[in-house]
Amino acid sequence: MVTNVTNFSRSGLYDWMAQRVSAVVLAAYFIFLIGYLALHPGIDYAQWHALFSNNVMRVFSLLAFVALGAHAWVGMWTVTTDYLTPLAIGKSATAVRFLAQAVCGVAMFAYFVWGVQILWGI
């Protein structure tokens with residue numbers, strides 16, 4: 001039996017909604033970027049810098065970072081709880097699952113902080 005110790009949400013419905021909402025945000029962000037690149041085929045550093053210097057784009061990018069973190073967390077949690085089971089890896093499945101989730105969580109947090117530092121120039 002899988003416990004909800006490492007799941008931040010209250011039920012599968014919240015996980016499902018987080019996954020769908022974050023996917024929509026990420027899709028909107030990448031569609032915007034692809035459209036911008038298509039409309040500016042000879043883009044140079046100055047134009048790219050101007051785009052990301054705009055506070056609206058910075059907030060949109062920050063929202064995309066948050067959505068990426070939420071999406072990755074739900075996906076990673078689902079995969080680890082589905083595949084790191086006692087049948088698959090033995091009695092220590094809970095410890096291995098927790099360790100895998102902790103490593104992924106720390107990595108996602110570090111990437112988020114790094115992204116914010118790059119985006120906001122901190």
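I started with Phe52, which is buried at a relative accessible area of 18%. A friendly reminder to myself: this is a predicted model.

**Aromatic pairs**

I looked up the ring pairs next and found that the structure holds 6 aromatic pairs. In one of them, the ring centres of Trp48 and Phe52 lie 5.0 Å apart with the planes at 55°, so I noted this pair as tilted. Stacked would have needed planes under 30 degrees apart, and edge-to-face over 60. Both residues sit in helix α2 (residues 45-53), and because Trp48 and Phe52 are 4 residues apart there, about one helical turn separates them.

**Ser61**

What does Ser61 touch, leaving out residues up to four places away in sequence? I found Tyr29, Phe52 and Leu119. Ser61 belongs to helix α3 (residues 55-83), and with a relative accessibility of 1% Ser61 counts as buried.

**α2 against α3**

I read an angle of about 75° between α2 and α3, with the axes 5 Å apart. The two helices are therefore roughly perpendicular to each other, since angles of 65 to 115 degrees fall in that class. On the α2 side I listed Leu51, Phe52 and Ser53, and on the α3 side Asn55, Met57, Arg58 and Ser61. Sorted by class, this contact has 3 nonpolar, 3 polar and 1 charged residues.

Note on methods
Residues are numbered from 1 along each chain as its sequence is written. This is a predicted model: local features need pLDDT of at least 70, side-chain atom pairs count only at pLDDT 80 or more; totals for chains, interfaces and linings use all residues. Side-chain values use heavy atoms; hydrogens and water are left out. Rings of Phe, Tyr and Trp (its six-membered ring) pair if their centres lie within 6.5 Å; planes under 30 degrees apart count as stacked, over 60 as edge-to-face and the rest as tilted. Buried means under 20% relative accessible area, exposed over 50%, partly exposed in between (1.4 Å probe, protein chains only). Contact means heavy atoms within 4.5 Å. Axes are lines fitted to C-alpha atoms, for helices over the stretch in contact, and angles run from 0 to 180 degrees between N-to-C directions. Angles under 35 degrees count as roughly parallel, over 145 as roughly antiparallel, 65 to 115 as roughly perpendicular and the rest as oblique. Ala, Val, Leu, Ile, Met, Phe, Trp, Tyr, Cys and Pro count as nonpolar, Asp, Glu, Lys and Arg as charged, and the others, Gly among them, as polar.
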